[in-house]
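Dear colleague,

Please find below the structure that I am handing over to you.

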Amino acid sequence: MAGFKKENIVVGLMSGTSLDGLDFACCNFICENNEWSFNLIKAETVTYSAKWMEKLYNAPQLDKNSLENLHLEYGQLLGKLTRDFINKNNLKPMLVASHGHTVFHEPAKGITFQLGLGSAIAEATGINVVSDFRSLDVSLGGQGAPLVPVGDRLLFPDYDYCLNLGGFANISFENNRERIAFDICPVNIALNHIVRSVNKEFDDNGNIAGTGKINMNLLSELNNLDYYRKKHPKSLGREWFQAHFIPVIENNKIDTADLLSTVCEHIAIQINSALKHKNKNAKLFITGGGAHNGFLIRRIKDVAGVEVIIPDKDIVNFKEAVIFGLLGVLRMRNETNCLKSVTGASRDSSTGVISLSTL
């Protein structure tokens with residue numbers, strides 16, 4: 001499409017399962033000799049109001065008409081917040097790429113739904129929008145996730161493994177010239193769920209977990225969950241967490257600190273299991289909110305025994321929003337932005353619904 005050439009200024013939007021806010025990243029993506037690089041121009045997180053946190057948390061329980069209304073309403077919210085971000089920072093993007101907020105993700109049933117109507121964002125901003133990045137891949141028999149590995153391959157090729165510690169941990173790496181990626185286990189969605197019992201939103205730096213002791217019975221139960229025996233491609237969603245993970249941790253009546261410490265150990269063990277063909281010189285590049293959890297990072301280092309690289313805080317916090325910006329550019333260029341080697345779909349695809357602004 002005209003205008004998407006060597007340099008492409010795009011705003012990427014990301015809302016994660018942990019409901020901690022909406023991430024904005026405005027980047028200039030540069031393509032030279034078929035190699036991509038980027039400059040991060042401006043990034044910030046807008047915290048959801050209590051009302052919107054409640055709406056997003058309860059969205060899976062809505063009936064069809066109410067969900068469609070929320071789809072529009074949330075799209076209008078995204079559009080307004082994006083317009084405010086653009087105007088406040090005097091930005092000149094040619095595209096908005098929105099991940100949306102995942103309400104349903106059960107690819108085995110052919111179901112995935114990301115809230116936030118793209119045409120509403122386009123109408124509010126006057127800028128073309130790419131949204132709904134998962135549906136096409138699911139229709140092709142894929143998991144519709146993870147989508148970030150294309151960006152890992154193109155923007156961060158110097159690392160053996162790219163690990164994101166968000167609501168769930170996901171990893172990507174090259175194996176026999178194919179990009180392999182999958183969701184590993186719950187992270188922030190589990191840790192935040194646990195600390196709500198002591199009226200906290202999160203365990204700052206893992207300080208509470210650091211005072212706990214590992215409960216070996218619980219650790220064994222968690223490590224024996226069926227998901228961990230499945231081969232990739234595979235992905236996780238809130239439905240799996242609520243149906244399989246929560247019952248295990250709630251059936252074990254142990255102290256909050258011990259619970260957090262045990263879950264952190266579980267996360268470290270599962271991440272180590274995901275590091276295929278690792279060697280002592282392997283570089284593990286870690287981003288996402290979990291990278292700020294010092295206790296968890298120490299456990300990952302100790303258990304995995306690889307070199308851990310944590311980049312500057314803007315990349316830690318906004319890497320997924322950055323990459324969704326790139327996925328939007330690739331979609332507008334009709335280039336592959338979703339890999340069958342990652343999702344298990346019948347073919348690679350250029351995925352995302354394009355909503356053209358009428359303004």
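The notes below cover aromatic rings, charges over rings, strands and a helix pair.

This is a predicted model, in which local features need pLDDT of at least 70 and side-chain atom pairs count only at pLDDT 80 or more, while totals for chains, interfaces and linings use all residues. Residues are numbered from 1 along each chain as its sequence is written, and side-chain values use heavy atoms, with hydrogens and water left out.

Aromatic rings. The structure holds 15 aromatic pairs (rings of Phe, Tyr and Trp, the last by its six-membered ring, with centres within 6.5 Å; planes under 30 degrees apart are stacked, over 60 edge-to-face and the rest tilted). Y159 and F285 make a stacked pair, with 4.2 Å from centre to centre and 15° between the planes. This pair links distant parts of the chain, 126 residues apart: Y159 lies in the loop between helix 5 (149-155) and strand 8 (161-165), and F285 in strand 11 (residues 283-287). Helices (H or I, at least four residues) and strands (E, at least two) are DSSP runs numbered from the N terminus. Y159 counts as partly exposed because its relative accessibility is 25%, whereas F285, at 2%, counts as buried (buried is under 20% relative accessible area, exposed over 50%, partly exposed in between; 1.4 Å probe, protein chains only). W240 and F245 form a tilted pair, 6.3 Å centre to centre with 50° between the planes, and both residues are buried. One aromatic cluster is formed by F29, F38, F156, Y159 and F285.

Charges over rings. The charged end of K319 sits over the ring of F156, 5.7 Å from its centre, and that of K234 over the ring of Y227, at 4.4 Å (NZ of Lys or CZ of Arg within 6 Å of the ring centre and within 35 degrees of the ring normal).

Strands. Strand 4 (residues 95-98) points L95 and A97 one way and V96 and S98 the other, and all are buried. Strand 4 runs parallel to strand 1 (residues 7-15), joined by four bridges (pairing requires at least two DSSP bridges), and L13 stands opposite S98. Strand 4 also pairs with strand 7 (residues 129-131) in the parallel sense over two bridges, where V96 stands opposite V129.

L218, E221 and L222 of helix 7 are in contact with F245, V248 and I249 of helix 8 (heavy atoms within 4.5 Å).

Yours sincerely
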